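Take a look at it first, and then we'll go through it piece by piece.

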Amino acid sequence: MAPLRVFITGASSGLGAALAREYAAQGATLGLLARRGDTLAALIATLPNAERHRHYAADVRDHAAIAAAAQSFLAHAGGVDVVIANAGISVGTLTEHAEDIPVFAEVIATNVVATAATFAPFIGAMRAQRTPGRLVGIGSVAGIRGLPGAEAYSASKAAVISYCESLRLEMKPHGIRVVTLCPGYIDTPMTQVNPYPMPFLMAPDKFAARAAQVIAAGDSYAVIPWQMGVVAKVLRLLPNAVYDWAFSKAPHKPRKAASPAAPPQ
């Protein structure tokens, strides 16, 4: 098989950086996008065949910047095999606080809308090429049942799961696989601020290795690690009254202020 051509958003740290390392070790040509261009450049310098990879400094809420990066990477790599819409933010939100509403909007824009904006400029190229492509959305176990204090995050990941399901049906006639990955607790900067125990905590490089296997197989949906998949199924089956009793006093992720406004679209 020819080396893969892989485009990853949110690639400067956490899951995105781990996925970049995994695919670089497989000999892939990478396009990495994140807001911190200097961090991306430093990451690429540590990867095999560094001269083959490209990085793009952009906010995923800037859809024109994503489209420009996509066109640049397609021209450089001659096509694309895997697009991973990994960029995302996780932060506590409480609807009762008016100041959390802009944060809510930021989470939805980054986790949901940017996923579609990441896929959109690559679909035409995937349809035109001979090899079937993969569009990979990052959901979460938190999207399976709403968690207290994580209203925006849970809503956004539930939306990603449903969105990818809809897109999967649309892309099937074109031979494009849509893969939904739902991480459990992965040891990244996103989870390291959580003030509570995290069961089945997984190293990011182990997550990336397993994710690459799922993506290569073209599986439609996977929870990683598998133990959290069992937990998720159990939670989904619980009656609302039992779930509410069990989780009503669960600890909350810290809240934060909204980031600066997104660039004009």
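What kind of unit do β2, helix α2 and β3 make? Together they form a right-handed β-α-β unit. Keep in mind that this is a predicted model.

Here are the pieces of that unit and the residues they cover:

| Element | Residues |
|---|---|
| strand β2 | 29-34 |
| helix α2 | 37-45 |
| strand β3 | 54-57 |

Let's begin with the strands. β2 and β3 run parallel, and 4 bridges join them. If you want a spot to look at, find Leu32, which sits opposite His55 in β3.

Now for the helix. Gly37, Leu40, Leu43 and Ile44 are the buried residues to look for in α2. Looking down the axis of α2, you'd see its buried residues fall within an arc of 120°, so they line one face of the helix. What do they pack against? The buried residues of α2 pack against α1 (14-25), β2 and β3.

Finally, back to strand β2, where Thr29 has its place. Is Thr29 buried or exposed? Its relative accessible area is 11%, which is under the 20% cut-off, so Thr29 counts as buried. Leaving aside residues up to four places away in sequence, Thr29 touches Leu4, Arg5, Val6, Arg52, His53, Phe73, His76 and Ala77.

Note on methods:
Residues numbered from 1 in each chain as written. Predicted model: local features only at pLDDT ≥ 70, side-chain atom pairs only at ≥ 80, totals over all residues. Heavy atoms only, no water. Pairing = 2+ DSSP bridges. Helix = DSSP H or I, 4+ residues; strand = E, 2+ residues; numbered from the N terminus. Right-handed = clockwise from strand over helix to strand, strands pointing away. Buried < 20%, exposed > 50% of the residue type's maximum accessible area, 1.4 Å probe, protein only. Arc of directions from axis to C-beta. Contact = heavy atoms within 4.5 Å.
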